[in-house]
Amino acid sequence: MRGRIAKLLAAALTAGGMTATALMLATQLRAQTPPPSLPAASPPAPIAAPPALPHVAMPLPGTIPTADVPFYAEWASSPHAKRDAEEFNHWNKEGNIPVECARCHSTPGFLDYLGADGSTPGKVDHPAPTGTVITCIACHNDKTLRLTSVTFPSGLTIHNQGADARCMTCHQGVESTNSVNKALAGIVDDAVTPKLDFINVHYTAAGAMLFGNQAKVGYEYPGKTYSGRFEHQQPYTRCTACHELHTVAVKFNDCAACHHEVTDKASLHKIRVRKADFDGTGNAEEGIAQEVANLESRLLAAIQDYAKTVAGKPVAYTPEVFPYFFNDLNGNGTADKDEAKFPNRYKSWTPRLMKAAYNYQFVFKDPGAYAHNPSYAIQLLHDSLADLGAKVTVDIAKATRP
């Protein structure tokens, strides 16, 4: 019986059938308490072609037992299935997920964006219901099987990406060089503009980091050159070559074949190929991840120095609380619990400060930046430091820019 159901589901997914969509959406809502196997007397329902079902947000009868869903256990351990995560619960009080967020924070929103619900592809038409995560059917339907191109927030499109396009449709950020320039147009570099709010690139924009200048999501300073797509050694040029398909965990054992210092996930940070001293500390033996982290720390220190001495208001950063940059009321350099609140968000932005903070967030919020595109990440950090250095003391004379 289990074999028949698994084959039935696989056939439905391959065909993009809406019956499978309904079943999978219902299954994920019952993921915490898997139902028992179907009785032998209950044959599986035949695959039909029912009317399009744009949004399903409630349990349906006849759900497939979780034990019969291919790779269910792997998916259930992934961030895509983490039902208590903020990214799937942020809008619970509102009762729905707005169109600008629904694409990547719910299965119905992603299907809407793809046009898998019968709507126009390339945009989300309706707010999505809360209470869903990213289920199997988000990636396994006839629309995603044909999806090979990705358009980044800059408007630049990358073609012929195969299955990676499914990942990068969401893991790309929501801002770009273009949108930052548009928001700051006409404002003098060091003029404090209280009407500005922090321009947040968003989180884990790994696809944009991977493609660098070809995606133009990091803030690229005029007159500077930037690296394009990071080309790793074959066959590790695709998302799922380095990440497990359903758990999305890094395949660190594969890395160890060439990088002999790798023994576990933590030791990935020891990987280094080039010997240039990118952070100017005099240590060219530490892992490239440490070089990136050192530059991040120096950039945050420069941001805080500039905010205090030029913008006139001390700033503190915390990665856990939106919008991340807050007024440092007690001047201790840390966003304390009573400071990390939305009404106390930082509002003394200048264009120079905003560009540096934007790049800091972009690199910091991609924990795999050192592997996705170390050259692009380091270039952004270098140039942000150099720009702030026009107003505050920044010493990167001994640091090598890729």
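Cys 104 and Cys 170 pair up as a disulfide (a pair of cysteine sulfur atoms within 2.5 Å), with 2.3 Å between their sulfur atoms. A disulfide is a covalent bond that joins the sulfur atoms of two cysteines. The torsion about the S-S bond of Cys 104 and Cys 170 comes out at about -100°, so this disulfide is left-handed. It ties together distant parts of the chain, 66 residues apart: Cys 104 belongs to helix H5 (residues 99-105), while Cys 170 lies in the loop between helix H9 (164-168) and helix H10 (177-184). Helices here are DSSP runs of H or I with at least four residues, strands are runs of E with at least two, and both are numbered from the N terminus.

The model is predicted, so to speak of local features takes a pLDDT of at least 70 and side-chain atom pairs count only at pLDDT 80 or more, whereas totals for chains, interfaces and linings use all residues. Residues are numbered from 1 along each chain as its sequence is written, and side-chain values use heavy atoms, with hydrogens and water left out.

A search of the whole structure turns up 1 disulfide. What about Cys 167 and its closest cysteine sulfur? That sulfur sits in Cys 239, 4.3 Å away, which is too far for a bond.

Buried means under 20% relative accessible area, exposed means over 50%, and partly exposed is in between (1.4 Å probe, protein chains only). Buried residues make up 46% of the protein's 402 residues.
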